[in-house]
Amino acid sequence: KSGMFNGVNPFQPGVDPETLDAAEIGVKSEWFDSRLRLNAAVFYYDYEDIQLSQVAQGITVILNAASGEIWGGDLELTAVPYEGVGTLEVTAGLSALDATYDRFPNAPFLTPNPNGGNIQSAGDASDNRMIRSPKLTSTLGFNYSLPLGGFVFEANASWYHNDGYF
């Protein structure tokens, strides 16, 4: 552990560095003269000494959240169904994620206070989902580009969805 200033609270003792062992396998492919691209991957992460920030009595501190495992997969599709006067590109993506803490004793828990704000307490978050880790995420996008003289006019629309997270 280092006693150096961690950039958040100069009075906090140092924390252990995060370590991540990762394995991923996937494929990237193109068809029909690059008008259709399909990418797919599955991955596994073994995460140790995860660093999280916590506000305690108005002071932000960094803490190590012990360890966790992350399993997941991604699927991305890009298609160019129209090229004529301008180009239409369609993108879609789907991600599945299983991210849990293996060990996280003394995790900070917040409970709503009836008088406003939250009450913080410590608990065991072992075997719980990691924060900001939705199980399912999907995207859909459209982009149309039209050359106009020396400029390019672009219009796009996108949609994003996740199934919620802790």
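Modeller: What follows takes the labels in turn and sets each one against its criterion.

Biologist: What kind of model is this?

Modeller: This is a predicted model, and its local features are given only where pLDDT is at least 70.

Biologist: Why is Ser138 called buried?

Modeller: Ser138 has 14% relative accessibility, and since buried means under 20%, Ser138 counts as buried. The residue is found in strand β9, and, with residues up to four places away in sequence left out, Ser138 touches Gly93, Leu94, Trp159, Tyr160 and His161.

Biologist: What makes Leu75 partly exposed?

Modeller: The relative accessible area of Leu75 is 41%; the partly exposed class lies between the 20% limit for buried and the 50% limit for exposed, and therefore Leu75 is partly exposed. Leu75 has its place in strand β5, residues 67-84, where, not counting residues up to four places away in sequence, this leucine touches Leu38, Asn39, Ala40, Ala92, Gly93 and Leu94.

Biologist: And why is Glu18 put in the partly exposed class?

Modeller: Glu18 has a relative accessible area of 34%, which again falls between the limits of 20% and 50%, so Glu18 is partly exposed. Glu18 sits in the segment before β1 and, leaving aside neighbours within four places in sequence, is in contact with Tyr47, Glu48, Asp49, Ile50 and Gln51.

Biologist: Why are Phe32 and Asp33 called exposed?

Modeller: Exposed means over 50% relative accessible area; Phe32 is at 63% and therefore counts as exposed, and Asp33, at 76%, counts as exposed too. Phe32 lies in the loop between β1 and β2, and Asp33 is found in the loop between β1 and β2 as well.

Biologist: What makes the phi of Phe32 worth a remark?

Modeller: Most residues other than glycine have a negative phi. Phe32, which is not a glycine, has a positive phi near 55°, and Asp33, also not a glycine, has a positive phi of about 55°.

Biologist: What makes β1 and β10 edge strands?

Modeller: The six strands form an open sheet in the order β1-β2-β5-β6-β9-β10, with antiparallel pairing. The strands β1 (19-31) and β10 (151-162) each pair on one side only, and they are the edge strands. On average, neighbouring strands of this sheet are turned by 10° against each other, direction ignored.

Biologist: Which residues have the most contacts inside the largest nonpolar core?

Modeller: That core has 13 residues, and those with the most contacts inside it are Ile50, Leu52, Ala65, Ile70, Tyr101, Phe104 and Met130. Strands β2 (36-48) and β6 (86-103) each supply at least two residues of this core. Leaving aside neighbours within four places in sequence, the residues in contact with Met130 include Tyr47, Ile50, Ile70, Tyr101 and Phe166.

Biologist: Which residues lie nearest the centre of the largest pocket?

Modeller: Of the 14 residues that line the largest pocket, Ser53, Pro108, Phe109, Leu110 and Ile131 lie nearest its centre. The elements giving two or more residues to this lining are β3 (51-56) and β7 (107-112), and about 330 Å³ of space lies in the pocket.

Conventions:
Residues numbered from 1 in each chain as written. Predicted model: local features only at pLDDT ≥ 70, side-chain atom pairs only at ≥ 80, totals over all residues. Heavy atoms only, no water. Core = buried A, V, L, I, M, F, W, Y, C linked by side-chain atoms within 4.5 Å. Buried < 20%, exposed > 50% of the residue type's maximum accessible area, 1.4 Å probe, protein only. Helix = DSSP H or I, 4+ residues; strand = E, 2+ residues; numbered from the N terminus. Contact = heavy atoms within 4.5 Å. Pairing = 2+ DSSP bridges. Axes fitted to C-alpha atoms, helices over the stretch in contact; angles between N-to-C directions. 1 Å grid on protein atoms, 1.4 Å probe; cavity = no way out; pocket = protein on both sides within 12 Å on 5 of 7 lines; lining within 4 Å. Points joined across faces, edges and corners; volume = space filled by probe spheres on them.
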